[in-house]
Amino acid sequence: MTQYTREQVMNETRLLAKMLANTEEIDRFKQVEAKINSNEKVQKLISKIKLLQKQAVNLQAYDKAEALKKVEAEIDQLQEELDSIPVVEEFKEIQGVVNDVLQMVSGTIAREVTNHVIRDTEGDLLAGETGSKVANKIPGSSCK
């Protein structure tokens, strides 16, 4: 079994990150993000929402419930308006795709490391148990 240093693993991780950054999904994300950043209407709505969110925090801190309700309603209305803009819808969609890819990679790495540990310790892959757990099972016992 080959041993790797943490530095070697991190170098491979950086390579994987570079590969991911050059996928079709990330390229699309970059393009859509650029559209978002250059869209004046989107940027104005985002600025208004951020300003109102700050006001809401202050109103909440000073127990101004009625004013807070009005500000929150305005935030909701502006958020709905923002979400209805096609480029924002597209951005949210591609952001979800990118997050799914990253979750898939992360999950695959975790699962494969676990499987390697089980195999390397001559464990039971189907039961998800390492060799030491399998070796220390009491025969005829249902305890795991």
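This is a predicted model: local features need pLDDT of at least 70, side-chain atom pairs count only at pLDDT 80 or more; totals for chains, interfaces and linings use all residues.
Q: What do the side chains of aspartate 27 and lysine 30 meet in?
A: Look for a salt bridge: a side-chain nitrogen of Lys or Arg within 4 Å of a carboxyl oxygen of Asp or Glu. Aspartate 27 and lysine 30 form one, at 3.9 Å from N to O.

Q: How many salt bridges does a search of the whole structure find?
A: The search turns up 6. Another one of them joins lysine 92 to aspartate 83, with the closest N and O atoms 2.6 Å apart. Then there's lysine 137 with glutamate 129, where the closest N and O atoms are 3.2 Å apart.

Q: Is glutamate 129 buried or exposed?
A: Go by relative accessible area: buried is under 20%, exposed is over 50%, and partly exposed is in between (1.4 Å probe, protein chains only). Glutamate 129 comes out at 5%, so it counts as buried.

Q: What about the relative accessibility of lysine 30?
A: Lysine 30 has 43%, so call it partly exposed. Aspartate 27 gets that label too, at 35%. Over in the other pair, lysine 92 is partly exposed at 43%, and aspartate 83 is partly exposed at 26%.

Q: At what angle do the axes of helix 3 and helix 4 cross?
A: Axes are lines fitted to C-alpha atoms over the stretch in contact, and angles run from 0 to 180 degrees between N-to-C directions. For helix 3 (residues 40–61) and helix 4 (residues 65–83), the axes cross at roughly 160 degrees and come within 9 Å. So helix 3 is roughly antiparallel to helix 4 (the label is for angles over 145 degrees).

Q: Which residues of helix 3 and helix 4 meet?
A: Contact means heavy atoms within 4.5 Å. On the helix 3 side, the residues include Val42, Leu45, Ile46, Ile49, Leu52 and Gln53. They meet a helix 4 set that includes Ala67, Leu68, Val71, Glu74, Ile75 and Leu78.

Technical notes: Residues are numbered from 1 along each chain as its sequence is written. Side-chain values use heavy atoms; hydrogens and water are left out. Helices (H or I, at least four residues) and strands (E, at least two) are DSSP runs, numbered from the N terminus. Angles under 35 degrees count as roughly parallel, over 145 as roughly antiparallel, 65 to 115 as roughly perpendicular and the rest as oblique.
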